[in-house]
Amino acid sequence: MRLELRGHPVFVGSGGRVGGAELGQSAAGWQGGDAPRLVLWHGAGMDRTVWVLLARYFARHGVDVVVPDLPGHGASSGEPLGSIEAMAEWGDELIRTLGEHHGLGDGPLILAGHSMGSLLALELAGRLGERETPPSALWLLGSAYPMSVAAPLLQAAAADSPVAADIIVTFGHAYASRLGHNDVAGISVHNLARALLRRAAPGVLHNDLQACHDYAGGERAAVQLQGCAVHLLVGDEDRMTPSRGAAALASLTGATTHRISGSGHMMMNEQPERVLATMRALLPATSGAPT
Amino acid sequence: MSDAPPAGPRGLGFDTLALHAGQQPDPATGARAVPIYQSTSFVFDDSDRAASLFDVARAGHVYSRISNPTVAVLEERVAALEGGVGAVCAASGMAAIHLGLATLCGTGSHVVASRSLYGGTHNLLSYTLPRFGVSTTFVDPRDPEAFRAAIRPETRLVFAETLANPRGEVLDVAAVAEVAHAAGVPLMLDATLSTPFLMRPLEHGADIVVHSLTKFMGGHGVAIGGALVDGGTFDWEASGRFPELTEPYAGFHGMDFVEEFGPAAFIMRVRKEGLRDFGATLAPTSAFHLLQGLETLAMRMQRHVDNTHRVVDYLADHEGVSVVHHPRVPDHPDHALAARLMPRGAGAVFGFELAGGRAAGTAFIESLKLFSHLANVGDAKSLVIHPASTTHSRMDDAALHAAGVSPGLIRLSIGLEQADDLLEDLAQALSRAARPSGGQSADKQAGRNAGRSADKRVDPPAAVSR
């Protein structure tokens, strides 16, 4: 759907119009009332389309799926937000707006984010916890804290050089993914990621990477997560957010770690079936969903 | 410290991708070669997975008309070699072209196309698609401004060949892409004769690439197939001309392909609508044969162009030849452009004209012994044909003239044989074609009757030594 937030058009995906279901019109019955709300945040320089299969799967299972394009990304206009804190504030406002004006229900809230989106989700979860309304679950994919970004990548992104996309594409995929054999017939995940990154407007990728690099609010957010089930999905060949940083984040947040085999950083496209299996197994435990 | 951005990481090389892209050793059996999954359909684990596959909510295969594991390897490999986000294979190159056109066009749509096209494509655009309400304006491929002038509000795409035959026109891809993009339409290129080894059109601004895999990509003349590659570069939303991609499609659960798939919107629609509804599917066994050829594309293409250079140089200096239409020839109109876009060589298919006209042409073809007279190009074996009576036979005289096909034109497709043997065969055939009696048929019969000794009487040393 398209809506306006802070004076700018925003695009929010809902996992497709499967069966005509819209936000708040769940197709499945849920224990204890409203269907869970699953908000999926994309990573640096990316957009909603990285979640396409997962979003469509959960939407057709009655989950209220919310897949925003952050400002300046995908089909949302406006300037990109310059910090993880600013992104979380915007995300908070978006979810409230969707609830107040666009039919998003009050079901258990699951915040899921990939890479930069995982920091956004963490920061937003902390803010909600601070208001004593923490999300039911926090799913962090391809995440680490701190999320330091290597100087050559920042430098290339600052110059809007295509080398930045090449670095992310090369180091963001498992070796097997660089060779290929995608679960989705005929699609090169490697080239798809490059095409998506190269679509980003000038300055967007650097803005995002710098925001990841600078984010220092993880400790503050983590102490507000009481009652929130935190799960970390880690690609076993992730070289963008290596296991040491992921372990630090798990320790900080008390997260349960789930290994996604045969995957690098871009796990939703590299191993969509394995990521789905993990998330599907987590859903009932964290949202009261039917099994 | 320099402010210059660092060099990018090295990607996997072309030869490596040609061998490996799209395939991991089969997890069930460990098979190193790509298995042929000769199965029409694939079992669902449960009803939830079945429903999810139909809704494109999970990845996997349902029915081989739409996707098949063997074909998918070929698709991903072609996409990797071209640098595209994805590819769909089809039953032939013409099926792939039709898939691309049918995905983007409907009644009332218009195409701007190069007038130098493969005869089958010319037929499709000139005679068949108009019956379905799609019209085409043909323009000079060497004139980007002609493309610009022909684009109308209802134009859906610009279509051309990277390297045309038989006159060897080379498209200035970047210039034509700029024209197309300025008008909000994509550039779709048939890159059959260049292959990604000689040029990758997406890197020069093309948006969609189509191949007849039957030709150099497969390379051995054993399987028919085609492929359509999506560069993921065209902004369908900004164009505003493609509701098929930017508005809900009632034929697929109201799916908005751009909303869902972003850079892969086009190729997903090609599969979900085009293969589903038109059904011009590539057979898994054909995909296997084409993959065998694709593995050696780099080595083969280098040999193809190396041999071609020998042949072109020989013919260009032969007194019985009036013109050689290959960009290697310095006075070819696209000599400089070809050197820039295809530095390894401008392909291995080209035409030339005999000084003796139609009669000489007929005599020449019938005198060849190593070249095969047939309607194909891009085989490992060298081929020859007379376009005016075969591949371009359905063009009227005006269209023939516009396509640069004269009655005496001979087209060669240079194979992988020893170059000296090709030159020897050409030399003896040129010699016979130059005889004023025109008695080639009798000569040829005499040669056959005499067996190999007839061949040895041919006097080629001067030609072969070139």
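**Entry 1: one pair of residues.** I keep in mind that this model is predicted. I began with B:Ala113, whose bridge partner in β4(B) is B:Phe159. Then I looked up the two strands as a pair: β2 (residues 110-114) and β4 (residues 155-161) of chain B run in the parallel sense, paired over four bridges. A reminder to myself: strands of a sheet pair through backbone hydrogen bonds, and the pairing is either parallel or antiparallel.

**Entry 2: the whole sheet.** In which order do the seven strands of the open sheet in chain B lie? I read it off as β1-β7-β6-β5-β4-β2-β3, with mixed pairing. At the edges I found β1 (86-90) and β3 (135-139) of chain B; each has a single partner strand, so one side of each has no neighbour in the sheet.

**Entry 3: where the chains meet.** How many residues does each chain bring to the contact? I noted 46 residues from chain B and 40 residues from chain A. On the chain B side, the elements giving two or more residues are α3 (69-82), β1, α11 (257-261) and α12 (265-278). The largest share, five residues, comes from α3(B). Sorted by class, this side of chain B has 21 nonpolar, 18 polar and seven charged residues.

Terms used
Residues numbered from 1 in each chain as written. Chains lettered and ligands numbered in written order. Predicted model: local features only at pLDDT ≥ 70, side-chain atom pairs only at ≥ 80, totals over all residues. Pairing = 2+ DSSP bridges. Contact = placed C-beta atoms within 7 Å. Nonpolar A, V, L, I, M, F, W, Y, C, P; charged D, E, K, R; others polar.
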